[in-house]
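Student: I would like to go through this model by question and answer. Please keep it short.

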Amino acid sequence: MANNSEYLIDPSTTICQEFENISISSTTEKFVDGYQNPVAWQKKFKVCGNLSKDVLFDNLDMKAITQDQYGMEHDTLPEFIKWKLFGYNIVICYEYIAKGNANKALNIIDEIENILSSIGNKDPFLKSIKIALNHITFSMKGYLLELCSIKNMVLEHFIMPNNMNNANKAGLFGIQSLFFYEYGLPCAQIAKDSALKALSLNENEAEWYFLMARVLTYWQRTCGNYFECSEQEIKASEMAVKIGNKDHHKLHLIHIYHRMSKNMNKNKNAKNEILEKALKLLIEVIDSTKDYLLLKNCLLSLAKIAQNKDYNNDVIIILEQLIDVLEYSDNGYVHGAIGNYYLFNKRDYVKANFHLKKAYDVKSFGCSIDYIYTFFKINPETAPVEQMLVDLLKTFPHPVHQEKLLSQIVSYLILTKNDLIRALEYIPMLLNIKNVTCVYSLMTHRTKFSNYTKDVKLIDVLSEELSLALSSTKLSTDDKKKVTEVIKILEPYKLYVSNLMKNNEHIFRNNVINESKVKTTQYNNETERKESWTHNNYKQAVKNKEEGNWRTLKPDSTPKTTVFMRSNQTQIKKPWYGNQDKL
């Protein structure tokens, strides 16, 4: 393989020095300073406290899904599942430590040790970085033993970073990238930088290209045009497939190709060519595995490709065969994917309801909302939308989940039921959530429980509707008093949002920051009620026949190229563009 040193860190200098220059004094914290583990990383970067999602809930959830599907016998697990479980467990372990639950953290360490002991000749990737895996696991265990003052437990021997070979040093950075990826936007730059360092030390490892591609996809999805892909993202994913030829790497590349095709509507030949590549990879994965969770991801990708009319007939046959196989699964998340297909592709709301109920029962957040949506589609007049969404507030306590649910309740009551007074109960709860991700979601809100889909700035909708209500002659004195109380909460919140947007311009960009707002007026055809709100890039209401999955709504602006600029400019000589000679 050609040398990538033109684009990557020189592994003989910067990175090795990062390990070797660490000095451990008598004042350093045991198993933290000079070591590589999540506690040490948090002390170094100090970012994990600013969370945009429920990290512990998500990782416990994904771990449970994985174990339900593959079982608990680590010796029989595929290598990529052992790797996934290791990743989930180090995050869970750190979260328990951060929450002061050292006993639970030690139990997770025991589970990680079982994974490590199961690594054998059938696990070449994990075997190549086992020294790094041991260091992270046992240094974190040592930290916990010190924290709990446990003296009678022997700590296993492990090797320090400066004595490792490059493959294991790369492993330390790869695991660091895996860890920080779980913490979302606040840690995206660290996750990317860590993947870069892993690649610079071992450019022959497919997993490091995959981690790089994944974090770039996440960034583009969160802060860019969802259907545009960066050159780095594409090449990293293609390199992962070219080197490793692994199914989960192929599925990520399929996802990228589908997104690329969405931007090629004016070039039909190019669009068909990229979809042919995606379909070829999909068929390869389907033919090579009986893994229900991998096949579930194939179903999700095929369902998207099937929306392209040129491929509909061919893909539908494969889809139906795939669903016939997946229906035998007892995994609720697999049924969630089937329900997703019936809901958004076939518009068969009864079948969608049946399958999504199974995902609802295992507490899949997105599928739970889609499950409620099927009732609305079957009969919008009788569907208990408000009550079912309120019930989910008890199931999903994290602020990000709460915002999603409350914003749907509020927009449903105001824009569909025309009941602002009823919505007043929930608006203060919604405005009490002050999280940058939640604020962004409010500014790019997509209504779901309505007769047509539309994108609105929900804060502006609230401001407009409350002002109209205050001037109405039809409201009672008590209702006007309630409206006034909510306005008193809304006004300082709007100031908070304004300051937040100025301080996070790289996130909000032009799609929500624009002082010269365009006023858009829309009429609800059923109630003839005039609706008015400000929205920069207002998209026309989309009739049901064109409805899409509300969870795919993403920002419209391209992220700044400087968003991943490093504080230490000597780390990276030039931007990374993958291995040019191999592509």
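Tutor: First a definition: a crossing is left-handed if the near helix is turned anticlockwise from the far one by less than a right angle, and right-handed if clockwise. The model is predicted: local features need pLDDT of at least 70, side-chain atom pairs count only at pLDDT 80 or more, and totals for chains, interfaces and linings use all residues. Residues are numbered from 1 along each chain as its sequence is written, and side-chain values use heavy atoms, with hydrogens and water left out.

Student: In which hand does helix 5 pass helix 7?

Tutor: Helices (H or I, at least four residues) and strands (E, at least two) are DSSP runs, numbered from the N terminus. Axes are lines fitted to C-alpha atoms, for helices over the stretch in contact, and angles run from 0 to 180 degrees between N-to-C directions. Those of helix 5 (residues 102-117) and helix 7 (residues 130-147) come within 10 Å and cross at roughly 155°. The crossing is left-handed.

Student: Which residues of helix 5 make the contact with helix 7?

Tutor: Contact means heavy atoms within 4.5 Å. On the helix 7 side, the residues include Leu133, Phe138 and Leu144. On the helix 5 side they are Ala102, Ala105, Leu106, Ile109, Ile112, Glu113 and Leu116.

Student: How are helix 8 and helix 9 oriented to each other, roughly parallel or roughly antiparallel?

Tutor: The axes of helix 8 and helix 9 (residues 188-201) come within 8 Å and cross at roughly 165°. Angles under 35 degrees count as roughly parallel, over 145 as roughly antiparallel, 65 to 115 as roughly perpendicular and the rest as oblique. So helix 8 and helix 9 are roughly antiparallel.

Student: How many residues of helix 8 are buried?

Tutor: Buried means under 20% relative accessible area, exposed over 50%, partly exposed in between (1.4 Å probe, protein chains only). Helix 8 (residues 166-181) has 16 residues. It is largely enclosed by the rest of the structure, because the buried count is 14 of the 16.

Student: Which backbone oxygen does the side chain of Thr484 reach?

Tutor: Thr484 is found in helix 25 (residues 477-503). With a relative accessible area of 30%, Thr484 is partly exposed. Its side chain reaches, at 2.9 Å, the backbone oxygen of Lys480.

Student: Is His355 buried or exposed?

Tutor: His355 sits in helix 17 (residues 349-361). Leaving aside neighbours within four places in sequence, its contacts are Glu327, His335, Gly336, Ile338, Gly339 and Tyr342. Its relative accessibility is 4%, so His355 counts as buried.

Student: Which residue's backbone nitrogen lies 2.9 Å from a polar atom of the Thr289 side chain?

Tutor: Thr289 lies in the loop between helix 13 (268-288) and helix 14 (292-305). At 13% relative accessibility, Thr289 counts as buried. Not counting residues up to four places away in sequence, Thr289 touches Asp247, Leu294 and Leu295. The backbone nitrogen in question belongs to Asp291.

Student: What percentage of the residues of the protein count as buried?

Tutor: The protein has 26 helices and four strands. Among contacts between residues at least 6 apart in sequence, 69% join residues at least 24 apart. Of the 583 residues, the buried share is 57%.

Methods
The expected span of a helix is 1.5 Å times one less than its number of residues. A polar contact is a pair of N or O atoms within 3.5 Å; within protein, one must be able to donate a hydrogen and the other to accept it, and residues adjacent in sequence count only if both atoms are side-chain atoms.
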